[in-house]
Amino acid sequence: MSGVIGVSIKTDRELVLMRKAGNIVAVVLQELKSSLLPGVETMELERKALFLIKTLGGKPAFLGYRGYPYSICVSVNSEVVHGFPSSYILKEGDLVSIDVGVEYDGYMADAAITAGVGKITQVAERLIKVTNEALNRGLKEAKGDNELRNVSNKIHSWVEESGFSVVRDFVGHGIGKNLHESPSVPNFSIPFSTLKLKEGMTLTIEPMVTSGRGETYIDKNGWTAKTKDCSLAAHFEHTVLVTEQGGEVFTSL
């Protein structure tokens, strides 16, 4: 999912609404994470998410967006992003990424987590830790007057030092009244970008990392990105506000 709309500095009112959207995202993700058990059909996660989002006063930001047919993305094992909820039944050892977007009174928040089903391999455990830490390192760089490339470079260098690969086909983005706004926030090094971050900007920072080479292709459904080498993938994401100290997270679990 991508788009380019003008970079904006959010007002206090807009930030209040985005924080409310972020709170709903966090509640939904926490509930779905606890539902990742052997025998659970991934469509059940979709049903739970849709019920919770509406009950908490939000709207599913993904549903119908550019034709996307579900409220959440559920990506399993070699699926990187935009996996469809389906009749697939989770089994012990699966690695599952869940991406949730919520609209609240016209403003958006978006976040993703990756977790294992039951006991997972050591590679999968390490992939989760490395990807989550990549997000944390990127968040620290989301501060006013810092260059955007420092967010990207910190993520990329950590992932490669850890022996994994960054996915280059999908990136983070600005967010606010629209699900996707400028600027794009790559997870790979951008040596010559001089875009300065400004306090009041809101972004999603979302490293997508694989245990293999990081190359992807799109499944026949037209949405789901998978690793070409069938390696495992992990995805962590937060919606954040650029502040003087670093990224203020709106979607903390």
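**Notebook: a first look at the fold**

I began with burial: 57% of the 253 residues in the protein chain are buried. I note for myself that this is a predicted model.

Next I looked up the overall size. The C-alpha trace spans about 45 × 45 × 30 Å along its principal axes. Is the radius of gyration in agreement or disagreement with that of a compact globule? A compact globule of 253 residues would have one near 18 Å, and the protein chain has 17 Å, so the two agree. For the accessible surface I wrote down about 10800 Å², with 51% of it belonging to carbon and sulfur atoms.

Then I turned to contacts. Of those between residues at least 6 apart in sequence, 71% join residues at least 24 apart.

On to the elements: I found four helices and 15 strands.

I picked out strands 7 and 8. Strand 7 (residues 172-174) runs antiparallel to strand 8, and three bridges join them. A hairpin of six residues links the pair. I found His173 opposite Ser184 in strand 8. Why is strand 8 largely enclosed by the rest of the structure? Four of its five residues (181-185) are buried, so that is how I describe it.

My last stop was an open sheet of three strands, in the order 3-12-11, with antiparallel pairing. Strand 3 (79-81) and strand 11 (216-218) are its edges, each pairing on one side only. Ignoring direction, neighbouring strands of this sheet are turned by 40° against each other on average. Two bridges hold the antiparallel pairing of strand 3 with strand 12 (residues 225-227), and here I saw Glu79 opposite Lys226 in strand 12.

Notes. Residues are numbered from 1 along each chain as its sequence is written. This is a predicted model: local features need pLDDT of at least 70, side-chain atom pairs count only at pLDDT 80 or more; totals for chains, interfaces and linings use all residues. Side-chain values use heavy atoms; hydrogens and water are left out. Buried means under 20% relative accessible area, exposed over 50%, partly exposed in between (1.4 Å probe, protein chains only). Two strands pair if DSSP finds at least two bridges between them. Axes are lines fitted to C-alpha atoms, for helices over the stretch in contact, and angles run from 0 to 180 degrees between N-to-C directions. The radius of gyration is taken over C-alpha atoms; the globule rule is 2.2 Å times the number of residues to the power 0.38. Contact means heavy atoms within 4.5 Å. Accessible areas come from the Shrake-Rupley method with a 1.4 Å probe; for residues, only the protein chains shown count as cover.
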